[in-house]
Amino acid sequence: MKKWLLTVLAVPLLFFSCEDNEDVTMDQNAVEIDMSDFYVYTDMDPELFNKENSGKKKNCHSMAVLNRKLKENPGLYQKMYNVEKHTRKTIAAKKPTGSPGGGNGNGGGNGGDGGGGNDPGPYTGAVSIPVVINILEDFSGQVTQAQINSQIAILNEDFNNNNPNTSSVPAEFADRVANCDISFGPVTINRKISTKSSWGTNDSMKDPGQGGIAVTDPSSNLNIWVCNIGGGILGYAQFPGDPDVAGDGIVIGIDYFGETSGPYGDGRTATHEVGHWLNLRHIWGDGRCKQDDFVADTPSSDRSNGGCPSYPTVHCRTNDMTMNYMDYVYDDCMYMFTNGQNDRMRALFAAGGARVGFVN
């Protein structure tokens with residue numbers, strides 16, 4: 001969507017950093033990052049949200065959970081601000097590659113030079129993310145090994161631009177499709193029988209004291225909890241920067257994990273939630289036309305899309321990228337990340353990034 005204001009400083013200066021509350025001496029190639037558009041809290045009416053999404057759109061509860069956490073933990077805003085500022089600084093340091101979205105940052109090598117002095121830009125090597133799957137099921141084997149295998153295969157397909165439906169990307173967006181070069185595995189599986197019919201979204205499935213399964217080293221593992229969430233909710237994720245280490249990961253409803261049935265039975269709920277876990281917002285920015293997802297090569301929109309929309313679908317005077325994994329369409333109708341989204345995800349693996357433990 002909109003680009004950030006980047007002012008190149010001609011001489012060294014001291015500035016007050018929101019990240020560490022210390023004066024920092026900047027070099028001649030440093031950039032001043034505009035954070036004036038940053039937001040975390042979204043104005044959502046849960047009842048209206050659920051009514052609008054019932055049977056028509058994905059019901060991702062990540063932003064609703066984030067709203068609750070922001071109220072419970074006043075320091076969370078600053079933590080997420082710090083992650084966002086690091087992300088923007090890292091992307092700004094990336095060597096220019098032409099038009100917005102023209103560079104994919106997927107090549108070999110670790111790091112690379114950019115336009116920001118000592119900051120190399122987003123991490124450019126292949127990323128491998130070990131996965132721990134924590135299953136809370138009604139009976140042993142309710143979540144089958146076939147489901148598990150299919151879900152990992154779908155994640156690897158989507159984050160490596162191997163979704164066969166990507167051939168349907170409109171020409172307008174074709175040069176923005178990213179190969180994120182992120183793979184998932186090896187996989188560890190933890191299972192627990194539970195008589196609880198609905199776990200909700202308060203992270204009780206992550207708490208052994210409430211019958212859940214504890215997180216496994218989230219600094220170097222993606223933890224996925226699979227359980228009956230309830231309320232028509234398909235899944236939710238914890239964003240990077242949240243200090244709640246015990247809650248770090250994503251939660252997926254049993255009926256939407258891997259290959260199952262129905263319009264949300266092709267495993268793309270996990271792709272969407274991993275996108276949040278890797279610092280992506282919903283593509284429409286959870287607001288009106290001026291609310292941003294902080295990505296330059298995704299078009300503005302003022303709403304989510306559901307079902308399988310026809311192209312073009314127009315909002316905010318631009319064609320919606322309805323096929324993006326961060327919209328709410330049916331699983332078969334989402335099949336791309338953009339290069340700009342890829343930069344945001346990869347900034348987490350750069351030096352000082354919130355998920356750098358996965359590549360160190």
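In which helix is His272 found? His272 belongs to helix 5, which spans residues 268-277; helices (H or I, at least four residues) and strands (E, at least two) are DSSP runs, numbered from the N terminus. The structure is a predicted model, in which local features need pLDDT of at least 70 and side-chain atom pairs count only at pLDDT 80 or more, whereas totals for chains, interfaces and linings use all residues. Residues are numbered from 1 along each chain as its sequence is written, and side-chain values use heavy atoms, with hydrogens and water left out.

His272 counts as buried because its relative accessibility is 1%; buried denotes under 20% relative accessible area, exposed over 50%, and partly exposed the range in between (1.4 Å probe, protein chains only). When neighbours within four places in sequence are left aside, the contacts of His272 are Cys60, His282, Tyr325, Met326, Asp327 and Tyr328, a contact being heavy atoms within 4.5 Å. Another histidine, His86, lies in helix 3 (residues 76-92). His86 is likewise classed as buried, at 13% relative accessibility.

The cysteines were examined next. A disulfide is a covalent bond between the sulfur atoms of two cysteines; it was assigned here to a pair of cysteine sulfur atoms within 2.5 Å. By this rule the model has 2 disulfides. In one, Cys289 is joined to Cys316 with an S to S distance of 2.0 Å. This disulfide is left-handed, since the torsion about its S-S bond is about -90 degrees. Cys289 is placed in the loop between helix 5 and strand 10 (314-315) and Cys316 in the loop between strand 10 and strand 11 (318-319), so the bond ties together parts that are 27 residues apart in sequence. Cys289 is partly exposed, its relative accessible area being 34%.

A disulfide is also formed by Cys308 and Cys333, whose sulfur atoms are 1.7 Å apart. With 75 degrees about the S-S bond, the link of Cys308 and Cys333 is right-handed. Cys308 is located in the loop between helix 5 and strand 10, and Cys333 in the loop between strand 11 and helix 6 (339-347), 25 residues apart. Cys308 is partly exposed at a relative accessible area of 46%, whereas Cys333 is buried at 17%. With the bonded cysteines of the protein numbered in sequence order, the pairing reads 1-3, 2-4. Cys180 is buried, with 0% relative accessibility, and Cys227 is buried at 0% as well.

The structure contains 3 cavities of 30 Å³ or more. A cavity is a set of points, on a 1 Å grid over the protein atoms alone, where a 1.4 Å probe fits but cannot get out, and lining residues have an atom within 4 Å of a point. Grid points are joined across faces, edges and corners, and a volume is the space filled by probe spheres set on the points. The largest cavity holds about 60 Å³. Its lining includes Ser62, Val65, Leu66, Lys69, Asp203, Lys206, Tyr236 and Phe239. Helix 2 (62-72) and strand 8 (235-237) each contribute at least two residues to this lining, and the largest share, 4 residues, comes from helix 2. By class, the lining of the largest cavity comprises 5 nonpolar, 3 polar and 4 charged residues; Ala, Val, Leu, Ile, Met, Phe, Trp, Tyr, Cys and Pro count as nonpolar, Asp, Glu, Lys and Arg as charged, and the others, Gly among them, as polar.

Note on methods:
1 Å grid on protein atoms, 1.4 Å probe; cavity = no way out; pocket = protein on both sides within 12 Å on 5 of 7 lines; lining within 4 Å.
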